[in-house]
Amino acid sequence: MTALLRAGLVLVLAAALAACGFQLRGSGEWPEALNPVQITGINARDSLYRELAVTLGSSGVDVVRQRPEGQGAILEIRSVNDQRRTLSVTEAARVSEYELVRTVDARLRPLDGDAVDLGPLRASRIYLFDGTAVLSRGEREATLRAAMDRDIVSQLQRRIAALIEPDGSLRDPAGDPAP
């Protein structure tokens with residue numbers, strides 16, 4: 001009887017989950033007219049470039065070093081600004097908390113239209129500073145910066161997805177379709 005009860009409970013929970021509209025987050029939607037994509041403005045060894053290339057690649061987008069003539073789009077990373085600021089100090093005037101902030105300004109330039117400003121993208125993380133573990137600070141910051149890169153790429157994908165018209169064209173953020 002307990003096996004039957006468990007199976008019934010699993011079915012009820014599955015039905016409730018399906019009814020609530022939950023969906024796994026899929027890969028971002030990318031119009032064929034914007035494929036392939038050339039990323040400019042940052043070095044290919046930069047962690048943000050690598051994260052963009054991997055994420056776009058998993059969405060079926062070809063990331064190329066040089067855009068073929070007559071195809072695709074250019075994703076311009078106009079600026080990347082990293083900051084680390086002190087949030088709090090101890091009674092002994094030693095830093096106890098830092099905030100890491102990464103701000104990226106990006107623009108998408110389709111082949112047959114004007115560049116679309118994607119606005120500033122911002123990600124931040126706060127971490128506690130341990131004065132006795134100074135050697136691990138670099139690793140901790142690198143891990144947090146990688147998470148911030150993922151956040152920025154996710155924001156970028158959502159902004160581009162919001163600009164895609166039902167016919168696959170890119171519209172201007174002001175609401176007018178891109179020429």
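Which residues line the largest cavity? I start there and come back to it below.

**Entry 1. The model and its layout.** I am working with a predicted model. I counted three helices and five strands in the protein. Read from the N terminus, the elements run α-β-α-β-β-β-β-α. Buried residues make up 31% of the 179 residues. I also looked up how far apart in sequence the contacts reach. Of the contacts with a separation of 6 or more, 62% are between residues 24 or more positions apart.

**Entry 2. The cavity.** My search gave one cavity of 30 Å³ or more. The volume of the largest cavity is about 30 Å³. Its lining is made up of Leu48, Leu52, Ile77, Val104, Ala106, Leu121, Ile152, Val153 and Leu156. I then sorted the lining by element: H2, S4 and H3 each supply at least two residues. H3 gives the most, with three residues.

**Entry 3. The nonpolar core.** I looked up the largest nonpolar core and found 30 residues in it. Those with the most contacts inside this core are Ile39, Leu52, Leu75, Ile77, Leu118 and Leu156. At least two core residues come from each of strand S1 (37–40), helix H2 (47–58), S3, S4, S5 and helix H3 (137–162). H3 supplies the largest share of the core, six residues.

I took isoleucine 39 from that list and asked what it touches. Leaving out residues up to four places away in sequence, isoleucine 39 touches Tyr49, Leu52, Ala53, Val63, Val64, Leu75 and Ile77.

**Entry 4. Aromatic rings.** How many aromatic pairs does a search of the whole structure find? I found one. The pair is tyrosine 98 with tyrosine 127, with ring centres 5.8 Å apart and planes at 35 degrees, so I note the pair as tilted. Tyrosine 98 is in strand S4 (residues 95–110) and tyrosine 127 in strand S5 (residues 116–128). The two are 29 residues apart, and the pair links distant parts of the chain. Both tyrosines are buried. I noted one more neighbour of this pair: arginine 84 lies over the face of tyrosine 98, at 4.7 Å from the ring centre.

**Entry 5. Arginine 65.** Is arginine 65 buried or exposed? Its relative accessible area is 65%, so I list arginine 65 as exposed. I placed arginine 65 in the loop between strand S2 (63–64) and strand S3 (73–89). Beyond its neighbours within four places in sequence, arginine 65 is in contact with Gln38 and Ala44. I also checked proline 36, which is 29 residues from arginine 65 in sequence; the C-alpha atoms of the two are 9.9 Å apart.

**Entry 6. Arginine 122.** This arginine lies in strand S5. Setting aside neighbours within four places in sequence, I find arginine 122 in contact with Glu99, Val101, Arg102, Thr103 and Gln155. Aspartate 151 is 29 residues from arginine 122 along the chain, and their C-alpha atoms are separated by 8.3 Å.

Definitions and conventions: Residues numbered from 1 in each chain as written. Predicted model: local features only at pLDDT ≥ 70, side-chain atom pairs only at ≥ 80, totals over all residues. Heavy atoms only, no water. Helix = DSSP H or I, 4+ residues; strand = E, 2+ residues; numbered from the N terminus. Buried < 20%, exposed > 50% of the residue type's maximum accessible area, 1.4 Å probe, protein only. Contact = heavy atoms within 4.5 Å. Phe/Tyr/Trp six-rings, centres within 6.5 Å; stacked < 30°, edge-to-face > 60°. Lys NZ or Arg CZ within 6 Å of the ring centre and 35° of its normal. Core = buried A, V, L, I, M, F, W, Y, C linked by side-chain atoms within 4.5 Å. 1 Å grid on protein atoms, 1.4 Å probe; cavity = no way out; pocket = protein on both sides within 12 Å on 5 of 7 lines; lining within 4 Å. Points joined across faces, edges and corners; volume = space filled by probe spheres on them.
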